[in-house]
Structure formats: C-alpha cells, structure tokens
Amino acid sequence: MKTALTLDYGPSAIGDAEVIMAGLTIGIFARAVGVRPDTIRYYERNGLLPRPARSSAGYRLFAESDLERVRFIRKAQQLGFTLAEIGLLLTLQASDTARAAGVLEITEKKIADCTSRAIALNRIKDALERLAAECPVDAPASDCPILAHLASASGAAFRARETTS
C-alpha cells in the first residue's frame, strides 16, 4: 500500500489504496458534488445522508451511492424543496412499496406553495412600482413617499392612496 507523509488532510493522509478501496474522504467527496464539507456533515446530522464508514484513522469514507444521493438533494433544493420534503422524497425513493402518488402529492404541494409565493411577490412588486411612480425624483429625500411609507407604522397611508387612485 502506498502511503505518503503529508500535512494534507486528503487521501494520501490515510493511503491512496485505502481511499480507492473503501471510499472517498469528506473533502474529496464534497468537492465532487460541489459543496463544502460542513454541508455534508449537516446532511449527515439531519438524516439525509447515512452515516458513512470510517477509516482506521477515523476519516469518513463515502461511497458512490452517497455521491448520487447528494446530487439528488442538491437538485431537489434547486427546485425549492425543503430538507424535510427532500427527506420524504428520499424515503419514497428507497421504498419498495411506495407509489409515485406519494411523490406527486409532495410535488403538488410544492407547486401550490410556489404559486402562493409568486402571488405574494407580485403584490410586493406592484406596491413597489406604485411607490416608485409617486417618487418625485428632484424633491428632497424627506419628501419621498417611499421613505414615508417605510417609516409609517403600517402601510395604511399608502393603501388609502391606492384605493383612491
């Protein structure tokens, strides 16, 4: 077995042959999936990743299936799924008896959530556009309706103007 003396924390610290045979250390694993090692530890602590095997020196050693699992987690996050939802999806994926209907139910709830967030964001955008349209560009900042709205105890002053417009 080839071992190299190094101050590095990488594969040569435990021996290249051992890493190839037993798995990837957390640093190499994290780089392979494009996240930081603390993200991998977080996924592990929260049950999204199974506890990996350990080398004789105590290093975490991850398998190829772990790479696929983290890629799944990252793609699901990009689609807006929460870690709790991702945990459910992973459970369904691993089940021999789960049906696609369970996955669809989670996905449809996510779609409804996205729709309601989009509606809320459009309301915010509309309010900002109305405030921006009322802003007298050459007036002193103290006369700016945007600042007046932000400083008010509630949005009542702006809402009253909205309904009369």
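This report describes the fold, the nonpolar core and selected surface features of a predicted model.

**Overall fold**

The protein contains 8 helices and 2 strands, arranged along the sequence as α-α-α-β-β-α-α-α-α-α. Of its 165 residues, 24% count as buried. When contacts between residues at least 6 apart in sequence are considered, 40% join residues at least 24 apart.

In soluble globular proteins, nonpolar side chains tend to be buried together. Here the largest nonpolar core has 19 residues, and the members that touch the most others are Phe29, Ile40, Leu49, Val70 and Ile86. Helices H2, H3, H4 and H5 each supply at least two residues of this core.

Phe29 has contacts with Leu24, Ile40, Leu49, Phe62, Ala63, Asp66, Leu67 and Val70, leaving aside residues up to four places away in sequence.

**Helix H3**

Helix H3 spans residues 37-45, and Ile40, Tyr43 and Glu44 are buried in it. These three residues lie on the same side of H3 because they cover an arc of only 100° around the axis. An α-helix has 3.6 residues a turn, so residues three or four places apart point the same way. The cover over the buried residues of H3 includes helix H2 (26-33), strand S2 (60-61), helix H4 (64-78) and helix H5 (83-94). After H3 comes Gly47, with a positive phi near 80°.

| Residue | Location | Relative accessibility |
|---|---|---|
| Ala63 | loop between S2 and H4 | 35% |
| Ile124 | helix H6 (residues 100-134) | 47% |

Ala63 counts as partly exposed because its relative accessibility is 35%.

Ile124 belongs to a nonpolar surface patch of about 310 Å², made together with Leu121 and Leu128. With 47% relative accessibility, Ile124 is therefore counted as partly exposed.

How values were computed:
Residues numbered from 1 in each chain as written. Predicted model: local features only at pLDDT ≥ 70, side-chain atom pairs only at ≥ 80, totals over all residues. Heavy atoms only, no water. Buried < 20%, exposed > 50% of the residue type's maximum accessible area, 1.4 Å probe, protein only. Helix = DSSP H or I, 4+ residues; strand = E, 2+ residues; numbered from the N terminus. Arc of directions from axis to C-beta. Contact = heavy atoms within 4.5 Å. Patch = residues over 30% accessible without salt bridge, like charges linked within 9 Å, V, L, I, M, F, W, Y side chains within 5 Å. Areas by Shrake-Rupley, 256 points an atom, 1.4 Å probe, with all protein chains shown as cover. Salt bridge = Lys/Arg side-chain N within 4 Å of Asp/Glu carboxyl O. Core = buried A, V, L, I, M, F, W, Y, C linked by side-chain atoms within 4.5 Å.
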